[in-house]
Structure formats: C-alpha cells, structure tokens
Amino acid sequence: MKFDKEGNATYFEKKKTELYQELGLQARDLRFQHVMSIATRNNRIIMRMEFLKAVITPEFLLILDYRNLSLEHWLLNELASQLAGEGQLVTYSLPFEFRAIEAILQYWISKLQGRLNTLQPQILETLEALVDPKLLSVDRSKLHILLQNGKSLSELETDVKVFKETILELLDEEEVIEELCLSKWTDPQVLEESTSGIDHAEEMELLLENYYRQAEDLLNEARELRVLIDDSESIIFINLDSHRNVMMRLNLQLTMGTFSVSLFGLIGVAFGMNLESSLEEDPRIFWLMTGIMFLGSGLIWRRLLSFLGRHLDPPLPPHVPAALKKSQPAAGRVEIKSSLKGETFGLSRSTLTNQ
C-alpha cells in the first residue's frame with residue numbers, strides 16, 4: 001500500500017527483487033522479521049515494528065504486507081487522514097517523512113497503551129477478589145486468570161522496553177538523526193531552511209524524545225502494576241498463613257483437651273475393671289469420681305492453654321517509666337542551655353580581649 005503526501009492510497013503487488021531494485025535497497029532490508037528497528041539506507045527510512053513494516057521516502061510511504069485486519073483498519077481510517085493533515089499530528093509544518101514517522105510511532109504507542117488499558121482493570125478486579133482476609137481459601141479460577149494476565153503484562157513490558165531501546169539507540173547517534181531528515185538532502189528549499197536557522201535534525205530529535213518519554217511513562221505504569229501484583233501475592237500468602245496458623249492452633253487446643261480428658265479418664269477405666277473393692281458399694285462414689293474427672297480435665301486443659309499462650313503470643317514491648325520520659329527532654333534542655341552559656345561566655349571574653 002502506497003501513500004503520497006496528500007494521503008492518497010494505491011495498492012499493487014511486486015516481487016521482492018523488483019521492489020528492492022526500484023527502491024535502491026538490498027534484499028535483507030525487505031526481509032520480513034518480527035523485530036523492531038529504525039534504520040536508513042540510500043535516503044530511505046526502513047521501519048520495522050514487528051508485523052508492521054514500512055519504507056519512507058521524501059515523496060511517499062510504502063506499507064509492506066498490509067493484509068492484517070487491525071492494521072488495514074488503521075491504514076484506511078487513520079493513516080491516510082493523518083498524512084493529509086487532518087489528524088492530530090504536530091509535524092504538519094515539517095517535511096513528509098516527519099509526518100510518516102510520527103504517524104507510525106503514534107500508532108504503535110497507542111497500541112501498547114491500549115493493551116495496558118485492557119489488562120489493568122482485569123488485573124485490579126482479580127486482585128480485589130483474591131485479597132480478602134475473610135477468604136479461607138483462594139479461588140483457583142481467579143489464580144488462573146491472574147497467571148494469564150501476568151504473562152500478558154510481562155509480554156507488554158518486553159515490547160515497551162524494546163520500543164524504548166530502539167528510540168534510545170537513535171537518540172544516541174547524531175549522524176543517524178541527520179540521516180532521518182530525508183528532505184534535507186534532496187529538497188533545496190528544505191536545505192535552505194536548515195541553513196537559515198530551522199534545524200530539522202533538532203526537530204527530529206524532539207520528536208523521538210517525545211515518544212521515548214511516552215514509552216517510559218507506559219513502562220512505569222506497567223511496573224507499578226507488576227509491583228501491585230507482587231504485593232497482592234504477598235498479602236494472599238500472609239492471609240493463608242494466618243488462617244493456617246489458626247487451624248493449627250485450634251487443632252493443638254483440641255489435642256490438649258483430648259489429652260486432658262484421657263488422662264483423668266483412667267479413673268473410669270480403673271473402676272470399670274472387674275475387680276471388687278468397697279468403693280463401688282457406696283452410691284455417692286459415682287458422682288464424686290465423675291466430678292473429679294471433669295474438674296481435673298478442665299484444670300489440666302486450662303493449664304496447657306496458658307502454657308501455649310505464653311509461648312505463642314508475641315512479647316510486649318518494654319515499659320518505659322513516665323518519669324524517665326519526662327526527664328529526658330529536660331536533660332536535653334539543660335545541656336543545650338549550658339552549651340549556650342558556654343558559647344556566650346567565650347564570646348564575651350573574646351570581645352573584652354579585643355577591646
């Protein structure tokens with residue numbers, strides 16, 4: 001798909017050999033690779049944005065292999081109007097290659113921003129459902145959704161980093177920025193403007209810095225979302241550990257209660273043996289022994305619970321006496337006053353000596 005300076009689009013098919021010979025490029029320049037790079041060759045700008053590949057000249061913009069539904073929608077509805085001067089680009093007063101570069105960079109940064117805007121509410125909704133202290137267990141379906149969103153967020157961070165590093169490589173090379181200004185070397189009018197004070201290389205650098213900052217802001221938002229996921233995972237683990245500790249403590253309490261009842265249940269076992277004694281003839285001995293068993297079991301269980309509480313509860317901070325708290329600032333004020341007196345006394349002595 002070919003766009004001229006007025007935004008008019010034409011479609012044609014050509015072999016790779018014919019195309020790179022016509023453009024004065026090499027075969028590797030038109031190789032379809034899912035990489036991100038911006039390079040210049042023979043007064044041509046070659047932009048690779050993964051599946052988007054474009055060749056920019058001072059007269060037209062060439063989009064290679066545009067048969068992509070999302071890409072075709074952007075080409076027909078937005079790119080043509082932007083190149084014709086009907087969009088929101090800020091480089092309309094500059095040569096054609098500025099508009100083409102800005103339109104492609106704007107499309108890519110908006111695509112990355114759209115991916116983040118899609119992931120952010122999903123991640124926040126999932127985390128809100130997971131980070132609930134009332135939940136005794138974690139919904140596995142929510143964890144599966146969070147895992148998928150985390151992978152998508154990692155891919156987004158990688159894409160933003162590659163985009164940012166690609167622009168940074170251009171900003172570090174002044175010669176490459178000069179080569180990106182194609183019309184400066186072909187149009188005499190543009191060359192005259194550059195000599196009269198309008199520096200097109202500086203304009204190109206400002207354009208690249210603008211999208212570099214946008215990529216950096218986008219990467220910071222993705223990192224904040226990543227930190228939020230990590231913090232939420234820590235909170236989830238803390239909640240699960242807390243509930244696990246409660247269950248373990250309850251299990252330990254029940255175990256101690258069973259031990260207490262079993263310990264004093266030996267009395268009932270002793271009386272249940274087929275041995276004769278004078279105690280079984282007394283009708284009151286049954287209630288006496290039953291009361292002793294329940295009372296002893298309760299006392300033993302209470303003793304074990306107090307022992308458990310002393311060893312599991314966190315220690316209290318040391319108590320600071322009120323008198324000590326009040327004396328510390330007073331002592332500090334006394335030291336300050338004494339030092340001030342010493343300084344004033346030394347100053348008065350030095351004054352008298354000078355007089």
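**Aromatic rings and helices**

Phe-51, Trp-74, Tyr-107 and Trp-108 are linked into a cluster by ring pairs, where rings of Phe, Tyr and Trp (its six-membered ring) pair if their centres lie within 6.5 Å. This is a predicted model, in which local features need pLDDT of at least 70 and side-chain atom pairs count only at pLDDT 80 or more, while totals for chains, interfaces and linings use all residues. Residues are numbered from 1 along each chain as its sequence is written, and side-chain values use heavy atoms, with hydrogens and water left out.

Student: Are the rings of Trp-74 and Tyr-107 stacked or edge-to-face?

Tutor: A search of the whole structure finds three aromatic pairs. Planes under 30 degrees apart count as stacked, those over 60 as edge-to-face and the rest as tilted. The centres of the Trp-74 and Tyr-107 rings lie 4.2 Å apart with their planes at 25°, so this pair is stacked.

Student: Which helices hold Trp-74 and Tyr-107?

Tutor: Helices here are DSSP runs (H or I, at least four residues), numbered from the N terminus. The two residues are 33 residues apart, and the pair links distant parts of the chain, with Trp-74 in helix H2 (residues 69-84) and Tyr-107 in helix H3 (residues 96-130).

Student: Is Thr-166 buried or exposed?

Tutor: Thr-166 lies in helix H4 (residues 140-171) and touches Met-36, Ser-37 and Ile-38, not counting residues up to four places away in sequence, where contact means heavy atoms within 4.5 Å. Buried means under 20% relative accessible area and exposed over 50%, with partly exposed in between (1.4 Å probe, protein chains only). Because its relative accessibility is 9%, Thr-166 counts as buried.
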